[in-house]
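Take a look at the model below. We will go from a pocket to a core, then to a helix and a loop.

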Amino acid sequence: MASIQNDVTIKDSAPKSLLLEKHADFIESYGSNKDNYEYCMTEYLRMSGIYWGLTAMELMGQLKRMNKDDVLDFIKTCQDDSGGLSASVGHDPHLLYTLSAVQILSMYDATHVIDVDKVVSYVKSLQKEDGSFTGDKWGEVDTRFSFCAVACLYLLGRLDAIDVDKAVQFVVSCMNFDGGFGSRPGSESHAGLIYCCVGMLSLTGRLDVVNADLLGWWLCERQLPSGGLNGRPEKLPDVCYSWWVLASLSILGRLHWIDSEQLSAFILACQDTETGGFADRPGDLPDPFHTLFGLAALSLLGNESVAPVDATLCMPTHVLSRLRLSPQKLMQC
């Protein structure tokens with residue numbers, strides 16, 4: 001029986017320094033050709049794509065290269081009568097894209113372009129009796145949506161609109177024996193969902209319910225010999241988990257538990273030296289999603305070429321300071 005391949009080999013020729021100018025060019029040009037096949041096929045996540053790209057540009061100090069008016073006009077047209085925001089014009093609203101829109105508007109200090117009261121009403125309408133949230137009117141429950149709901153209302157200063165205690169109780173019910181969290185009670189622990197749950201508990205001031213040492217150990221076990229991080233056992237490393245795992249460790253005050261030098265080398269190796277941008281793994285095609293999370297992870301690791309990033313909300317800390325928002329990021333042990 002063949003062994004499970006759960007790591008990658010980094011070539012000696014892989015990039016070892018941060019190619020900031022190339023990444024800024026990559027983000028600026030991405031989607032400029034609206035007839036491009038890839039652009040058309042990603043319409044269903046356009047709002048999040050704009051958040052990834054703009055946040056990456058702000059972390060690089062290059063947001064001014066993007067067309068603010070076009071972005072704000074697009075967001076305004078994506079607000080549904082229900083108050084929620086959609087991925088693109090004509091699509092159904094969803095919590096994922098509502099949060100992305102609020103993050104973008106917060107970055108531009110422009111929440112006035114949407115009806116905030118309607119957004120709050122929409123988020124509130126998606127909370128169920130057990131405290132969980134559905135992503136939209138179709139009823140799927142997932143701890144990702146608990147994070148989206150809380151983060152959205154946190155940024156708008158309206159957390160009082162929901163039953164926070166019940167929301168916390170639901171997330172706690174999704175905690176597993178290994179200290180991690182899944183999408184629903186009894187579901188497997190997964191680094192992306194752990195980030196959502198730990199982030200939600202951070203924003204609600206309830207990190208006390210987390211076993212930081214147990215969970216921190218599980219998260220550190222995600223680091224492979226290549227230096228990269230995976231999302232769960234026996235999976236390949238992926239740049240996006242450099243963020244989900246690292247941000248969770250940062251919130252828990254356990255960032256120093258992983259080998260930061262090896263992780264930095266893995267992330268840098270995932271850059272495309274020709275086009276710019278980061279891929280999931282060395283040699284793959286780059287995209288805005290992995291570009292943001294590669295840059296954000298490097299920021300958490302102390303790379304001074306990238307602006308400081310908030311581990312809970314994946315937004316530049318200077319934006320949150322301007323908004324006078326300061327999430328509780330460290331577990332007091």
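What volume does the second largest pocket have? About 640 Å³. The model is predicted, and so is everything read from it here. Of the 26 residues that line this pocket, Trp52, Leu96, Trp244, Phe289 and Phe293 are the closest to its centre. The largest share comes from α5, with 5 residues. By residue class, the lining splits into 20 nonpolar, 5 polar and 1 charged.

Now turn to one residue of helix α3. Ser48 is found there. Is Ser48 buried or exposed? Its relative accessibility is 8%, under the 20% cut-off, so Ser48 counts as buried. Which residues does Ser48 touch, once neighbours within four places in sequence are left aside? The contacts are Leu96, Tyr97 and Ser100.

The largest nonpolar core has 110 residues. Within this core, the residues with the most contacts are Ile75, Ile104, Phe133, Phe181 and Trp243. Helix α7 gives the most to the core, with 11 residues.

Helix α4 spans residues 68-77. Which of its residues are buried? Val71, Leu72, Phe74 and Ile75 are. Seen down the axis of α4, these buried residues fall within an arc of 160 degrees, so they line one face of the helix. An α-helix has 3.6 residues a turn, so residues three or four places apart point the same way. On the other side of α4, Asp69 and Lys76 are exposed. What covers the buried residues of α4? The cover includes α3 and α5.

Finally, go to the loop between α5 and α6 (116-125), where Asp109 is found. Asp109 and Arg322 are 213 residues apart in sequence. In space, their C-alpha atoms are 8.9 Å apart. Setting aside neighbours within four places in sequence, Asp109 is in contact with Arg322 and Leu323.

Methods
Residues numbered from 1 in each chain as written. Predicted model: local features only at pLDDT ≥ 70, side-chain atom pairs only at ≥ 80, totals over all residues. Heavy atoms only, no water. 1 Å grid on protein atoms, 1.4 Å probe; cavity = no way out; pocket = protein on both sides within 12 Å on 5 of 7 lines; lining within 4 Å. Points joined across faces, edges and corners; volume = space filled by probe spheres on them. Helix = DSSP H or I, 4+ residues; strand = E, 2+ residues; numbered from the N terminus. Nonpolar A, V, L, I, M, F, W, Y, C, P; charged D, E, K, R; others polar. Buried < 20%, exposed > 50% of the residue type's maximum accessible area, 1.4 Å probe, protein only. Contact = heavy atoms within 4.5 Å. Core = buried A, V, L, I, M, F, W, Y, C linked by side-chain atoms within 4.5 Å. Arc of directions from axis to C-beta.
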